[in-house]
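The report below describes a protein model, element by element. Please view the sequence and the structure first.

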Amino acid sequence: MSAPHRPRAGARRRLRSLRVRLIAVFAVVALVTAVSASGIAYWLNRDAVLKRAQDTALNDFRVSLTRNVSALPLDASCQELANLAVQVASSGLNYDVVVVDEAHPECVASSDPGRFTTAQVPGPLATQVGRPREIGPGNPYVYHLYWQRVNLDGPYVVGGTKVVPTGPTAYMFKSLQNERADLNTLGWSLAIATLLALIGSALLAQAASATVLRPVKRLGEAARRLGEGELDTRLEVEGGDELADLARTFNRAAESLSEQVAELSAREAQSRRFVADMSHELRTPLTAMTAVTDILEDEADALDPMIEPAVRLVVSETRRLSDLVENLMEVTRFDAGTAKLVADEVDIADLIMSCIDGRAWYDAVEVDAPRGVLAVVDPRRLDVVFANLIGNALKHGGSPVRVRVREADGSVVVQVSDSGPGIPEDVLPHVFDRFYKADKGRARSEGSGLGLSIAMANAQIHGGTITAANGPQGGAVFTLVLPLTPPTTDPDRAENPKEGTQ
């Protein structure tokens, strides 16, 4: 069900990429700027073109009307009014004229009677034209020339005026269709310019993003290599801009990290060497002490009852110290990467039974292990794993301990469960940590706190892992998962048992 969502997730990641966002920002800025500039240019040119055309026509109409109306008799006939309309409209600016006279309300004289009459004159314009105004310092004329833009069968400017109070009223109809065509051409030109600006901004953003993102990409690759452990990774610093400062900061951080890692590695190597040397130095006296304690243990029953407990205490503590030294040496081998895997094909059921029989646990352990589950493992190391898991279950969980083996997906799964109270939730994340003990008050216990850590390391060197959990019916459940064939027998595959957590 998750497969169909992958392309969408990839598309979302691409949409969230810095390159796409940078191009989008450039495109939006360019679009807003171009549209704003084109809009302002269009409206300024529109007003200028229309104002020039209408002002020219209105001025010519006023002059032509004033010149021709003086030859009109006081009581002009309808034909004379029609002649006046034709004469005024014949100025060459391609406008038509309608003349009306209050003395002849039935007569409407028009230079083009089939198209223009007083019916096309807007009411507010006709009202203003016939309204006289008081002559004063700022108003030398009784009647003014008024105009209004209307849409008849296209854009028109309609102007009207009276020359004398007793004379006729004339209206001019000037088509602005040519100006509209010019403005449409201008609009398309500005739209094309906006589109070209948008394309240019996208190309510019692509070039800018390549310039900016190339150092960022190099920085990301360097950070990835540094995170993978290549501590000698450095960036080449070019220029003196912010990206160069970022590269210098990265180089300083990488240098500081390299120095700290080198110092920590040296200290860790010294610690491992100290533990190894100490363990080797302790083995010789421990060997002698173990031989002596074996003799003391054999003779303990014949000793004075007052000193017998002390002798048995010395025997148990000597063995505990010997086990601790052996565990420390094993941990040291894992840390140093010298732990070797001597693999052989064995039956897991036989290996488990051998571990249980060798430690006399057969009465306390229930085994559900079918024979025939073969795996290529190191028997000695796997015996250590089984001994730790089953031994811990017997010691801390109680009988019966159940061991179940099954094969799944090219791996063998060994599950060890007990009948105890289980592992506290705050302890579960730390059960494989070195020297970790759930009961802090029992500082001196029989275990060293290294058993599960060593078990995890032995599982990991096989390419497997161990997990700890609580069963649904109570009790702790440890699950060992191993591949039937280890991925490699290279000792460098040995992993640090400190990192063997869930």
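Which residues does Val 477 touch, not counting residues up to four places away in sequence? Val 477 touches Gln 415, Val 416, Ser 417, Thr 467, Ala 468, Ala 469, Asn 470 and Gly 471, where contact means heavy atoms within 4.5 Å. The model is predicted: local features need pLDDT of at least 70 and side-chain atom pairs count only at pLDDT 80 or more, while totals for chains, interfaces and linings use all residues. Residues are numbered from 1 along each chain as its sequence is written, and side-chain values use heavy atoms, with hydrogens and water left out.

Val 477 lies in strand S12. At 15% relative accessibility it counts as buried; buried means under 20% relative accessible area, exposed over 50%, and partly exposed in between (1.4 Å probe, protein chains only). The C-alpha atoms of Val 477 and Ile 423 are separated by 9.0 Å, with the two residues 54 apart along the chain.

**Overall composition**

The protein has 10 helices and 12 strands. Helices (H or I, at least four residues) and strands (E, at least two) are DSSP runs, numbered from the N terminus. Of the 502 residues, 35% are buried. Among contacts between residues at least 6 apart in sequence, 63% join residues at least 24 apart. The accessible surface comes to about 28,900 Å², of which 57% belongs to carbon and sulfur atoms; areas come from the Shrake-Rupley method with a 1.4 Å probe, and for residues only the protein chains shown count as cover.

**Strand S10 and its partners**

Strand S10 (residues 411-417) has 6 of its 7 residues buried, so it is largely enclosed by the rest of the structure. Strands pair if DSSP finds at least two bridges between them. S10 is joined by 7 bridges to strand S9 (residues 401-408), and the two run antiparallel. Val 405 stands opposite Val 414 in S10. The hairpin of S9 and S10 has 2 residues between the strands, and Asp 409 there takes a positive phi near 55°. A further 7 bridges join S10 to strand S12 (residues 476-483), again antiparallel. Val 413 has Val 481 in S12 as its bridge partner.

**Positive phi in loops**

Most residues other than glycine have a negative phi.

**Aromatic pairs**

The structure holds 4 aromatic pairs. Rings of Phe, Tyr and Trp (its six-membered ring) pair if their centres lie within 6.5 Å; planes under 30 degrees apart count as stacked, over 60 as edge-to-face and the rest as tilted. Phe 116 and Tyr 156 form an edge-to-face pair, 5.7 Å centre to centre with 65° between the planes. This pair links distant parts of the chain, 40 residues apart: Phe 116 is in the loop between strand S2 (104-110) and helix H4 (123-129), and Tyr 156 is in strand S4 (residues 155-162). Both Phe 116 and Tyr 156 are buried. Ring pairs link Phe 116, Tyr 156 and Phe 173 into a cluster.
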